Amino acid sequence: MTNESVMSGQERRDAPALPISPALWIEATGPLALLQDAGRPGSAQLGVPASGAADRSAYAAANRLVGNRAGAACIETVFGGLVVRALRAVFVAVAGPPAELVVTGADGRTRVVHPVGYSFLLDAGETVTVGVPERGLRHYLAMRGGIEAERVLGSRASDVLSGLGPVPLEAGAVLATAGEQEGWPAADHLVPAPVRSEADGPIVLDVSAGPRADWFGEPGLRSLRDTIWTVSPESNRVGVRLTGEHPIVRLPGRRDDELPSEGMVAGAVQVPPSGFPVLFLRDHPVTGGYPVIAVLTEASVDALAQLRPGEPVRMRIRL
Amino acid sequence: MGAEWGSPTSGTVPAADLELRLLPMGESALLIELTDARRVVPLYARLRAAAPAWVMELVPAAKTILVVFDARRVGRAAVGHWVVDQAARDAPAAPIADADPVTVELALRYNGPDLDEVASSTGLGVEEVIRAHTAAVWVSAFIGFAPGFAYLEPEDVLGGSGARDVPRLDVPRRAVPRTAVPAGSVALAAGYCGIYPRESPGGWQLIGSTEAVLWDPSRAHPALLAPGTRVRFVRDE
């Protein structure tokens, strides 16, 4: 053996069979489990949403914890309930809102409970269950090497609007690694974010005025800012609907205006005729015909992806 | 607007002499609004041909072009200057990178269930509708609704050199949309012609059908009718 082939124990364990060997078995998906990655930007002019992980920072953190290349595919879950069994020893991490990660041995006994934000080895036969978060909505489970799936327009993201990308995961699915690992990260856990509680009041999303803010004027922006909005259950990866005590109304001169469809972005705050805003998430339609009063900051789009139905939210307008 | 948050369109760059406005669209995008809708396709073509690596998306629509940029690599002001600079050039539009070939001929059976309705609402006979539809040179102005669903406009409307004496086929949407329109259905509404890439609900008036594959993500050019593509319809008996 040459010196080059004398590798660390970890690398010797994963190296030979990586690209094709089955690694994870999905035992339960929870309400929804999708493969997601950094999405397929660059094809919106063909009618293709960028899609990709709803909470980009949590997705990137999960990949980073297991030393994956940026852009590797993870499992995105909603409201916990995901149970995966390792078919061989795999190194995994879960990022997202605080929740318990229960690791069970092949004998069915709980071996250890990790917090979200840790990376750990799952031995062959062991399962990990992603618990229901107390606050927040979406978790990202990354496996060292990334998850293999056919790419569509360069991405493994499941797009719930256009139907592009892998179908939603189902119990019984077997996942292999894609060989997209790089060097090990210097840390094996994230610094936990401060835990929010009900007493902290509504979650605040930062927005700036959008292209059609002048359809609503100062009264409309004031109404956007001063209302405590409630997240509607009719929300998904396309968009988050809000309800509130009073709708946002257009200025009198704009009541009957029709907007020709125009390009949309994740974070756009559209005001449909009802006056109750729709905040676009990653699988938004590429064009839309309702005026956009404001647009969320990138960080607030990640926060939007973690809002739960019924939760109160406010908007802060930044210049 | 009050001083509290300035003008809601405080990101607007004055470019009145170019008949365009730059409107804010968050931290990493801006919306170009053109006074003249006929300038959307040529400007889109020019921006696409000249796009630096920090351009993430260019999305043409009826009167606007959305520019999504990589905010880590370029500032909003520089993007605005780039747009204004490109718009000020008189150079003819370049061919569009993801439109291949640039003129598409589509064989079409004029067998749509709304053909008679289109004939009566335009005041033309069925044969004249077909003649008008095949005589026009259509241009894909933009894509929306579904991957590969192009909004086709007659080239003369867009200011091009297409046949000018062809009657316009400007019909309204159906009062009640269909819950399922078959893939390949060729339809008219609001001055546009569109072809359903896959079965979907739809409210446009169906005049015919084509076997062409409008959308195939495994192709080098997934959308047959990418923005800027010219289209001629050929009657398939």
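Me: In strand 4 of chain A, which residue is the bridge partner of Leu24(A)?

Reply: This is a predicted model in which local features need pLDDT of at least 70 and side-chain atom pairs pLDDT 80 or more, while totals for chains, interfaces and linings use all residues. Residues are numbered from 1 along each chain as written, chains are lettered from A and ligands numbered from 1 in written order, and side-chain values use heavy atoms, without hydrogens and water. Strand 1 of chain A runs antiparallel to strand 4 of chain A, joined by five bridges (strands are DSSP runs of E, at least two residues; helices are runs of H or I, at least four; both are numbered from the N terminus). In strand 4 of chain A, Leu24(A) has as its bridge partner Ala86(A).

Me: Which residue of strand 11 of chain A stands opposite Trp25(A)?

Reply: Strand 1 (residues 22-29) of chain A also pairs with strand 11 of chain A, in the antiparallel sense and over three bridges (a pair needs at least two DSSP bridges). Within strand 11 of chain A, the residue opposite Trp25(A) is Val174(A).

Me: Which residue in strand 10 of chain A is opposite Val78(A)?

Reply: Strand 3 and strand 10 of chain A pair over four bridges, in the antiparallel sense. Opposite Val78(A), strand 10 of chain A has Arg138(A).

Me: What is the phi of Phe79(A)?

Reply: Phe79(A) sits in the loop between strand 3 (74-78) and strand 4 (82-86) of chain A. With a relative accessibility of 28%, Phe79(A) counts as partly exposed (under 20% is buried, over 50% exposed and in between partly exposed, with a 1.4 Å probe and protein chains only). Phe79(A) is not a glycine, yet its phi is positive, at about 65°.

Me: Is Leu153(A) buried or partly exposed?

Reply: Leu153(A) belongs to the loop between strand 10 (138-143) and strand 11 (174-176) of chain A. Although Leu153(A) is not a glycine, it has a positive phi of about 50°. At 24% relative accessibility, Leu153(A) is partly exposed.

Me: How many disulfides does the structure hold?

Reply: Cys74(A) has a relative accessibility of 0% and is buried. Cys193(B) is likewise buried, with a relative accessible area of 0%. Over all chains, the number of disulfides (cysteine sulfur pairs within 2.5 Å) is zero.

Me: Which residue of strand 4 of chain B is the bridge partner of Leu31(B)?

Reply: Chain B has an open sheet of four strands in the order 1-2-4-3, with antiparallel pairing. Strand 1 (20-24) and strand 3 (55-60) of chain B are at the edges with a single partner strand each, so one side of each has no neighbour in the sheet. Strand 2 (residues 29-34) and strand 4 (residues 64-69) of chain B pair over five bridges. The bridge partner of Leu31(B) in strand 4 is Leu66(B).

Me: Which element gives the most to the lining of the largest pocket?

Reply: The lining has 41 residues, and those nearest the pocket centre are Pro41(A), Arg56(A), Arg282(A), Glu298(A) and Met56(B). At least two lining residues each come from helix 2 (56-65), strand 19 (292-296) and helix 4 (298-304) of chain A, and from strand 3 and strand 4 of chain B. By class, the lining has 23 nonpolar, seven polar and eleven charged residues (Ala, Val, Leu, Ile, Met, Phe, Trp, Tyr, Cys and Pro are nonpolar, Asp, Glu, Lys and Arg charged, and the others, Gly among them, polar). With five residues, the most comes from helix 2 of chain A.

Me: How many charged residues are in the lining of the largest cavity?

Reply: On a 1 Å grid over the protein atoms alone, a cavity is a set of points where a 1.4 Å probe fits but cannot get out, a pocket is an open set with protein on both sides within 12 Å along at least five of seven lines, and lining residues have an atom within 4 Å of a point. Ten residues line the largest cavity, and Ala136(B), Pro154(B), Val166(B), Pro167(B) and Arg168(B) are the closest to its centre. This lining has eight nonpolar residues and no polar ones, and its charged residues number two.
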